[in-house]
Amino acid sequence: MNINKSTGAVILVIFLLCTAFLGYLILSGITEIQALNKQIEERKQAILIKQRTLEQLRKIKENAGILEDTYNTINVMIPAVISTENIVAEMQNYANKASVTMLSVNFGQITQSTDLLEMTLNMSFSGSYNSFLNLLYYILHGERLVKVNGIQIENGSDGLTINITAMVYFQAN
Amino acid sequence: MGHLNISLLPYEYKKQKQSRRKFEICTVAMCIIIGMLIFTYIIVRILSTIPMAELKVLNNEMEIYDTEINSLKKYQDFSNQVGKMITLAENAAGDQPDWLKLFIAISETTPEGLQITEIMTENSEQNHVFSIRGNAVNYETIVLWIKNLKPRDEFADANLQFSHITPMDVVEFEIKLVADGDMILKLIQEVEQ
């Protein structure tokens with residue numbers, strides 16, 4: 001009888017330990033499944049975002065040629081090298097094409113604004129109104145970025161005198 | 001006549017037998033419980049392999065996407081650089097009016113008998129204003145010009161500043177023309193991003 005009692009007690013203790021251990025394993029297994037499911041949801045969301053990013057990147061790659069052209073256009077619009085002689089040559093070219101006479105070009109100080117360098121430009125031309133419109137077209141739609149700040153047109157005895165105040169830009173290195 | 005069953009076994013023996021029986025039943029019950037727990041654990045482990053495999057597949061998929069994204073990253077950087085330069089250009093000169101359209105509109109609306117002698121532009125933060133001086137054969141011609149200018153989309157307002165007859169019998173005048181705020185010169189064609 002005494003032997004049975006102690007054996008029973010040992011078996012009961014072993015049973016309780018086994019139950020507790022197996023219970024722990026089962027609970028941790030369930031927790032692991034829940035954590036895995038959560039991770040799966042997160043991965044699915046991340047994959048969706050990556051798919052969208054990839055789609056955008058593929059579109060950008062498809063338009064790489066256009067981007068390259070735009071980049072080159074902007075580099076010509078806003079050159080990195082400050083060259084006043086190029087500006088004079090360009091304006092003279094526009095004046096010739098528009099059949100106006102370029103009377104003068106004066107350059108102002110170069111100032112820095114945000115990431116660009118700005119330079120004021122005062123130009124005088126003489127010619128007819130239609131020639132002036134052509135000149136304006138060439139200046140505004142030319143390769144270089146020119147911001148026309150003001151225009152003054154006076155009617156003189158030798159036709160129109162056109163004064164244009166403008167701004168040209170350079171890349172700040 | 002009924003029989004009377006009388007156990008001749010000792011009381012202690014009977015108690016011991018009952019207790020052994022109980023012990024055996026308890027042991028079997030405990031074994032069954034342990035068995036069920038082991039079975040449940042095995043099921044849980046098997047079930048956990050399904051999300052584990054799915055996660056592995058998703059991780060591989062992500063790695064493939066990451067590799068492709070990294071290989072295309074240079075295009076994104078280039079696009080950002082171009083976008084930044086476009087923004088710089090637009091910030092610098094994006095607010096200038098479409099001068100050409102405005103000057104064309106002025107010349108298109110000028111009636112017969114009116115001569116412009118001077119056009120000056122004034123810029124303010126809100127709008128661009130043209131001061132136009134000239135000569136006209138009479139007041140009606142000036143009024144007709146202002147009437148022509150007002151409905152034009154290029155201008156927000158047109159007002160006569162002054163007018164008077166000179167000794168040479170011509171009407172000198174000055175009008176102020178306010179350019180419409182939407183007449184902005186488009187610098188760069190939009191790049192599809």
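Predicted model: local features only at pLDDT ≥ 70, side-chain atom pairs only at ≥ 80, totals over all residues.
Chain B first. Its 193 residues include 18% that are buried. There are three helices and four strands, and from the N terminus the order is α-α-β-β-α-β-β. Take the contacts in chain B between residues at least 6 apart in sequence: 61% of them join residues at least 24 apart.

Now the hairpin in chain B. Strand S3, residues 155–165, pairs with strand S4, residues 171–179, in the antiparallel sense, and nine bridges hold the count. One bridge joins B:Phe155 to B:Ala179 in S4(B). Five residues lie between the two strands, and in that turn B:Asp169 has a positive phi of about 65°.

On to the contact between the chains. Chain B puts in 58 residues and chain A 57. On the chain B side, the elements giving two or more residues are H1, helix H2 (99–109) and strand S1 (114–123). Which of them gives the most? That is H1(B), with 40 residues. By class, this side of chain B has 36 nonpolar, 15 polar and seven charged residues.

One helix pair across the contact can be taken in detail. In general, two packed helices are described by the angle between their axes and the distance between the axes. The crossing is left-handed. From H2(A), the residues that meet H1(B) are A:Ala64, A:Leu67, A:Thr70, A:Tyr71, A:Ile74 and A:Met77. Their counterparts in H1(B) include B:Tyr75, B:Phe78, B:Val82 and B:Ile86. The classes in this helix contact are 11 nonpolar, two polar and no charged residues.

Strands also cross between the chains. Strand S3 of chain A, residues 146–156, runs antiparallel to S1(B), and three bridges join them. In this pairing A:Ile153 stands opposite B:Ile119.

Last, the core. In soluble globular proteins, nonpolar side chains tend to be buried together. The largest nonpolar core in this model has 55 residues. Which members touch the most others? They are A:Ala95, A:Leu135, A:Leu145, A:Ala166 and B:Ala89. B:Ala89 is also among the H1(B) residues that meet H2(A). As for A:Ala166, leaving aside neighbours within four places in sequence, its contacts are A:Leu121, A:Met123, A:Val146, A:Lys147, A:Val148 and A:Asn149.

Methods
Residues numbered from 1 in each chain as written. Chains lettered and ligands numbered in written order. Left-handed = near helix turned anticlockwise from the far one by under 90°. Contact = placed C-beta atoms within 7 Å. Nonpolar A, V, L, I, M, F, W, Y, C, P; charged D, E, K, R; others polar. Core = buried A, V, L, I, M, F, W, Y, C linked by C-beta atoms within 7 Å. Buried ≥ 20, exposed ≤ 12 C-beta atoms within 10 Å, placed from the backbone. Pairing = 2+ DSSP bridges.
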